[in-house]
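I opened my notebook to look through this model. These are my entries, in the order I made them.

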Amino acid sequence: MSGRRGSTETENSPRRAGGRRAANRKSGTDNDGSSKDGSGKDIPGGRPAGRAKPKPKRSTKQKVLWITAGCTALLVLAGGAVYYRLNSNITTFDRDALSKDRPEAAAPDAQGRTPVNVLLIGSDSRGNGNSDLGGGGDDGARSDTAILLHVYADHKHAVGISIPRDSLVNIPPCKLPNGKWTKEQTNVMFNSAFSVGNTDQGNPACTQNAVEKLTNLRVDHTIVVDFGGFASMTQAVGGVEVCLPNNVYEGDLNPNLGHKGKLIFAKGKQKVEGQSALDFVRVRHGIGDGSDIGRTKRQQAFLSSLIKEVKSRGMDPTTLLPLADAATKSLTVDPDLGSAAKLMSFAMSIKDVDLHDVKFLTAPWRYEGPRVALVHPDVDQLWAALKADRTIDGQDASAQSPAATGSAAPSTPPAAEATPSPTAAAKNADVKVAVLNGTGESGIGNKGAEAVKGAGYTVTTVGNAGGKPRSTTVVEYGTGERTNAEAVAKLFPGATVEPGGRGLSVVLGHDFAAANPASAATSAPGAPGVPAPLPTSVSGTARSADDDPCANVSYG
């Protein structure tokens, strides 16, 4: 039936066709478009039958220009709309709420590059619809996740330090919603800083103040992501691979349930997104000792997998814009990061960080009753290393060569330290080596690491060996590593090869120290800007973003 009201005739019915022919005869126009008189003869000067009035031609070049201009306009409008949407999503906190007594900003290195410290906070709040996703049961907001991400000056290394929520710290004065400031609090739980003021938005400025007070590091940016933003981000990347050491049930996620409940995670690897991703990073009980420390390890594993997923898709606007759109809907940031352009610029600035050079670890801690105490001097050495832009294995991330750091080259460089061929370098890079200083002399571990790296091997740890000082260098190896150990030993003339422990470890002796004395700047006690190396009990616990997702995901 026709869409016209009151008519059942079709456009091609005989009655309508006859009507059109009669109208054509009256007007002197036939169906073929020619002009005729009343007898049907052509009128002189009329258009020949079957030929339409010619239209002015438009050149191909003009068409291309018009199409290009139209597409460009659409792209500009679309891009503007995206950035407008992202900008409207972002919430910033009050700059005036930051402490007036802050650490100095990091100075640029010799190449003019500057390290960046970013505080990442996970908010557990009932506001903004988060109660539907399992947000806190009380008013206000809490923060059970806080990671200080240090992006080194070379922007090719990064380390994220988890600060346990139960850590006992001092919280400096913080600004309340009514404009007044609190008094300093001593020996209180770290996550209480975010709750100061008891608002659904939390108090990120107070947490930033607490972190700067704790670390003596300037926090350049703070980013708060609530449950909704976190769930959306995991969906934007199509899910994140995680791993559980055992089955996890409803009762583990909610101990108040009173019974085991249904299975929510099976043991082993799986992909999670949205609500299931939230459940994974929140669950504490039923795994290890059920502590927040174990949960922190799983959060580090999750972030490692998230970074791996994003990098596998390509760190470009095509990948980052959907992710940013998802994240910014529930994002609160510092004023200096409060636009889509600034967020995108920061993300692109770290796109060249290799997965293996993204590390995560928890600030050195110990239990103190039901709470957590940070361990000194280990935690102090950690903050000092970041302030000096040193990696957790004691390396200078800003250095491009020994000359850049002022370090003297080894006086007797091993012959095998010459630049390996591309094939050998690729093979050697798969071999991971720990370098331990067994001499008791400062700076020797870094010298040994230079030799190992120079041959193309991957140095996982630089630290101090336990026990008595060693007179000669020993390369210790685990199961299946003898061949690699013999190859590494060639870098250290006179070194012996012995089975022992796991993986590969070079334990440097006085023979290496005598041939390769550390520079005065490195060996001088208390030399400024060169902190003592972290003990292996700290650096050895670090997770790389390329580690197996099933490794190191629980505690106790």
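**Entry 1: Ser-544**

I began with Ser-544, which is buried, because its relative accessible area is 6% and the cut-off for buried is under 20%. The model is a predicted one, and I kept that in mind throughout. I then looked up where Ser-544 lies, and found it in strand E21. Next I asked which residues Ser-544 is in contact with, leaving aside its neighbours within four places in sequence. I noted Ser-304, Leu-355, His-356, Val-358 and Lys-359.

**Entry 2: H6 against H7**

I turned to a helix pair. Two packed helices are described by the angle between their axes and the distance between the axes. I looked up both values for helix H6, residues 275–282, and helix H7, residues 292–313. The angle is about 140°, and the axes are 8 Å apart. H6 and H7 are therefore oblique to each other, since roughly antiparallel needs an angle over 145 degrees.

I listed the residues that meet. From H6 come Ala-277, Phe-280, Val-281 and Arg-282. From H7 come Arg-295, Arg-298, Gln-299 and Phe-302. By class, I noted 4 nonpolar, 1 polar and 3 charged residues in this contact.

**Entry 3: aromatic pairs**

How many aromatic pairs does a search of the whole structure find? I wrote down 6. One of them is formed by Phe-280 and Phe-302. Their rings are 6.1 Å apart, centre to centre, with 35° between the planes, and the pair is tilted. Phe-280 is in helix H6 and Phe-302 in helix H7, so I marked this pair as a link between distant parts of the chain, 22 residues apart. Are these two residues buried or exposed? Both Phe-280 and Phe-302 are buried.

I then took up Trp-365 and Tyr-555, which form an edge-to-face pair. Here I noted 5.3 Å centre to centre and 70° between the planes. Trp-365 is buried, with a relative accessible area of 18%. Tyr-555 counts as partly exposed, at 30% relative accessibility.

I also found a cluster: ring pairs link Phe-230, Phe-265, Phe-280 and Phe-302.

Notes: Residues numbered from 1 in each chain as written. Predicted model: local features only at pLDDT ≥ 70, side-chain atom pairs only at ≥ 80, totals over all residues. Heavy atoms only, no water. Axes fitted to C-alpha atoms, helices over the stretch in contact; angles between N-to-C directions. Helix = DSSP H or I, 4+ residues; strand = E, 2+ residues; numbered from the N terminus. Parallel < 35°, antiparallel > 145°, perpendicular 65-115°, else oblique. Contact = heavy atoms within 4.5 Å. Nonpolar A, V, L, I, M, F, W, Y, C, P; charged D, E, K, R; others polar. Phe/Tyr/Trp six-rings, centres within 6.5 Å; stacked < 30°, edge-to-face > 60°. Buried < 20%, exposed > 50% of the residue type's maximum accessible area, 1.4 Å probe, protein only.
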